[in-house]
Amino acid sequence: MLAKRMMWIAWPAFLVAGLLEMLVFGLVDPQDLQWFGHPLAMSRQGVYTLAFFAFWILTLLSSGLTALLSMSPFEVNRCPVPIDARPTDCARQGEGRC
């Protein structure tokens, strides 16, 4: 289930990062960009690559937060330890969470 949830986050983020890349660099030439008043010392492909990964990370965070907020309280708070393997002093021995 974790792998499926990660794909629900990563794939849309990848697609949106690609769209953002096309939008931004359809309007801006990477050779015209400056960093603190100095031109970037990178090739166009380098700027494209770094920008794509920056866009992807930002959209991954956004999609991940959306997935986290969509989880029910039971999914967030459930105990991963099986009932028979829990310590004897666990306050919720019989419940689905520890």
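A10 is in contact with W56 and L60, leaving aside its neighbours within four places in sequence. This residue belongs to helix α1, and the model in which it is seen is a predicted one. The protein contains three helices and two strands, arranged from the N terminus on in the order α-β-β-α-α. Of its 98 residues, 18% are buried.

**Overall organisation**

- Among contacts in the protein with a separation of 6 or more, 45% are between residues 24 or more positions apart.

**Helix α1**

- Helix α1 covers residues 2-27 and has 26 residues.
- The distance from the first C-alpha of α1 to the last is 38 Å, close to the 38 Å expected at 1.5 Å a residue.
- The buried residues in α1 are R5, I9, A13, A17, E21 and F25.
- An α-helix has 3.6 residues a turn, so residues three or four places apart point the same way.
- The buried residues of α1 pack against α2 and against α3, which spans residues 73-77.
- R5, a residue of helix α1, counts as buried because its relative accessibility is 16%, which is under the 20% cut-off.
- Beyond its neighbours within four places in sequence, R5 is in contact with A67, M71 and E75.

**Helix α2**

- Helix α2 covers residues 44-70 and contains 27 residues.
- The end C-alpha atoms of α2 are 39 Å apart, which agrees with the 39 Å that its residues should span at 1.5 Å each.
- In α2, the buried residues are G46, V47, A51, F52, F55, T59, S63 and A67.
- The cover over these buried residues of α2 includes α1.
- A51 touches E21 and F25, not counting residues up to four places away in sequence.

**Nonpolar core**

- The largest nonpolar core has six residues in all: A17, F25, V47, A51, F52 and F55.
- Helices α1 and α2 each supply at least two residues of this core, and α2 gives the most, with four residues.
- In soluble globular proteins, nonpolar side chains tend to be buried together.

**Salt bridge**

- One salt bridge is found in a search of the whole structure.
- This salt bridge is formed by the side chains of D29 and R44, with an N to O distance of 2.9 Å.
- The pair links distant parts of the chain, since D29 is in the loop between α1 and β1 (34-35) and R44 is in helix α2, 15 residues apart.
- D29 has a relative accessible area of 26% and is therefore partly exposed.
- R44 is also partly exposed, because its relative accessibility is 35%.

**Largest pocket**

- The largest pocket holds about 200 Å³ of space.
- Its lining consists of V24, F25, V28, L33, Q34, W35, L40, M42, V47, L50 and A51.
- Elements α1, β1 and α2 each supply at least two residues of the lining of the largest pocket.
- Helix α2 gives the most to this lining, with three residues.
- F25, V47 and A51 are among the residues that line the pocket, and these three residues also belong to the largest nonpolar core.

**Strand β2**

- P39 is located in strand β2, which comprises residues 38-39.
- P39 counts as exposed because its relative accessibility is 59%, which is over the 50% cut-off.
- Leaving aside neighbours within four places in sequence, P39 is in contact with L33 and Q34.
- L33 and Q34 are both among the lining residues of the largest pocket.

Terms used:
Residues numbered from 1 in each chain as written. Predicted model: local features only at pLDDT ≥ 70, side-chain atom pairs only at ≥ 80, totals over all residues. Heavy atoms only, no water. Core = buried A, V, L, I, M, F, W, Y, C linked by side-chain atoms within 4.5 Å. Buried < 20%, exposed > 50% of the residue type's maximum accessible area, 1.4 Å probe, protein only. Contact = heavy atoms within 4.5 Å. Salt bridge = Lys/Arg side-chain N within 4 Å of Asp/Glu carboxyl O. Expected span 1.5 Å × (residues − 1). 1 Å grid on protein atoms, 1.4 Å probe; cavity = no way out; pocket = protein on both sides within 12 Å on 5 of 7 lines; lining within 4 Å. Points joined across faces, edges and corners; volume = space filled by probe spheres on them.
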